[in-house]
Amino acid sequence: MTAVIRTVADLRATVAAWRRNGETIGLVPTMGALHDGHLSLAAHSRADNKRTIATLFVNPTQFGPKEDLAAYPRDEAADLAKLQAANVDALYAPSVGEMYPQGFATTVTVAGLTDHLDGPHRPGHFAGVATVVSKLLLQATPDRAYFGEKDFQQLRVIRRMAADLDIPVRIVGVPTVREADRLALSSRNRYLSAEDRAHAAALPRMLADIAGRLSREPGAVARETAWGFRQLEDAGFRKIDYIEVCDEATLQPTRQVTAPSRVFAAAWLGRTRLIDNWEIGAA
Ligand code: AMP
């Protein structure tokens, strides 16, 4: 049975009982609308820890004023059924009031890693993420916490935040789960019309093609990203926030691939913003 927990006090009591038995704990933070990407994080946690807690919290502070907070898909019963089938021990689904009681006034910001990519396009987003994940880690005190490489910048920001704040947790990155046509699974894919869904695969195709060519020709970053823009425009993406090649460690853009790097993109199909990234393998 997957226990449903609503309060910090109940979460701490559950965790304390497990700790008394010497059990290890993995945490899988999500915003719900669970898909196989989330379940892959849960499977990794189950493999590494005795107990796994998934969290479901649509965090208002990480959405911008023009973003899709109100429309974000919510179906807790369906999510719980999936966690149950995946043998997850607990679902922690606090209310907004439990997470942000009256008087709440603290924000965690991470500098540098948020200068590029989604940072400038989603002001306040990473502060919202870093703040809520700090709280979840301090509430649950897991041994390990699991985050998807699909949101690679988020993974890096959280790893930095946990290290800087001396939160005793291991942040584990999990490879992106993709559909047959390589579109990364995302809760937001369900917003896509059938026509847009058919065009969406141009995004991972473009990233994989660029990553392949840059592994052989590391100096061709400008040419390849310009090509990428044309690919997405031809596929019907209406706005491209960025296509950028960044160093994996610093997330600073690079014109020449010398250290481990990734190609990152964010672009809009209809009213849906898709993000993805692809590792550039060594030639
Ligand atoms: P979200 O519910 O979209 O905030 O995502 C919760 C966690 O699941 C984050 O760590 C995401 O990076 C991760 N995630 C989302 N989509 C995928 C995917 N396709 N493959 C692996 N992890 C994912």
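A residue is called buried under 20% relative accessible area, exposed over 50% and partly exposed in between, with a 1.4 Å probe and protein chains only. By that rule both F152 and F264 are buried. This is a predicted model, in which local features need pLDDT of at least 70, side-chain atom pairs count only at pLDDT 80 or more, and totals for chains, interfaces and linings use all residues. Residues are numbered from 1 along each chain as its sequence is written, and side-chain values use heavy atoms, with hydrogens and water left out. Helices (H or I, at least four residues) and strands (E, at least two) are DSSP runs, numbered from the N terminus.

**Aromatic rings**

- The structure holds 4 aromatic pairs; rings of Phe, Tyr and Trp (its six-membered ring) pair if their centres lie within 6.5 Å, and planes under 30 degrees apart count as stacked, over 60 as edge-to-face and the rest as tilted.
- One of the pairs is Y100 with F104, edge-to-face at 4.9 Å centre to centre and with 80° between the planes.
- Y100 counts as buried because its relative accessibility is 14%, whereas F104, at a relative accessible area of 35%, is partly exposed.
- The ring centres of F152 and F264 are 5.9 Å apart and their planes stand at 55°, so this pair is tilted.
- F152 belongs to helix α7 (residues 152–164) and F264 to strand β8 (residues 261–269), so the pair ties together parts that are 112 residues apart in sequence.
- F57, Y100 and F104 are linked by ring pairs into a cluster.
- R213 lies over the face of W227, 4.2 Å from the ring centre; a charge sits over a ring if NZ of Lys or CZ of Arg is within 6 Å of the ring centre and within 35 degrees of the ring normal.

**Cavity and pocket**

- On a 1 Å grid over the protein atoms alone, a cavity is a set of points where a 1.4 Å probe fits but cannot get out, and a pocket is an open set with protein on both sides within 12 Å along at least five of seven lines; lining residues have an atom within 4 Å of a point.
- Grid points are joined across faces, edges and corners, and a volume is the space filled by probe spheres set on the points.
- The count comes to 1 cavity of 30 Å³ or more, and the largest cavity has a volume of about 60 Å³.
- The largest cavity is lined by 13 residues, with T30, L34, A54, T55 and L83 the closest to its centre.
- Two or more residues of that lining come from each of β2 (25–30), α2 (36–48), β3 (51–56) and α3 (76–85).
- By class, the lining of the largest cavity has 8 nonpolar, 4 polar and 1 charged residues; Ala, Val, Leu, Ile, Met, Phe, Trp, Tyr, Cys and Pro count as nonpolar, Asp, Glu, Lys and Arg as charged, and the others, Gly among them, as polar.
- The second largest pocket holds about 210 Å³ of space.
- Its lining has 17 residues, and L56, F57, V58, R74 and P94 lie nearest the centre of the second largest pocket.
- That pocket lining divides into 10 nonpolar, 2 polar and 5 charged residues.

- S261 is in strand β8 and is buried, with a relative accessible area of 1%.
- The side chain of S261 reaches the backbone oxygen of A259 at 2.8 Å.
- I240 is in strand β7 (residues 239–247) and is buried at a relative accessible area of 15%.
- I240 and F229 are 11 residues apart along the chain, and their C-alpha atoms are separated by 7.3 Å.
- F237 sits in the loop between α10 (221–234) and β7, and at 5% relative accessibility F237 counts as buried.

**Positive phi outside glycine**

- D166 is not a glycine, yet has a positive phi of about 55°.
- D166 lies in the loop between α7 and β6 (170–174) and counts as exposed at 66% relative accessibility.
- R182, also a residue other than glycine, has a positive phi near 80°.
- R182 is placed in the loop between β6 and α8 (194–200) and is partly exposed, with a relative accessible area of 32%.

Technical notes:
A polar contact is a pair of N or O atoms within 3.5 Å; within protein, one must be able to donate a hydrogen and the other to accept it, and residues adjacent in sequence count only if both atoms are side-chain atoms.
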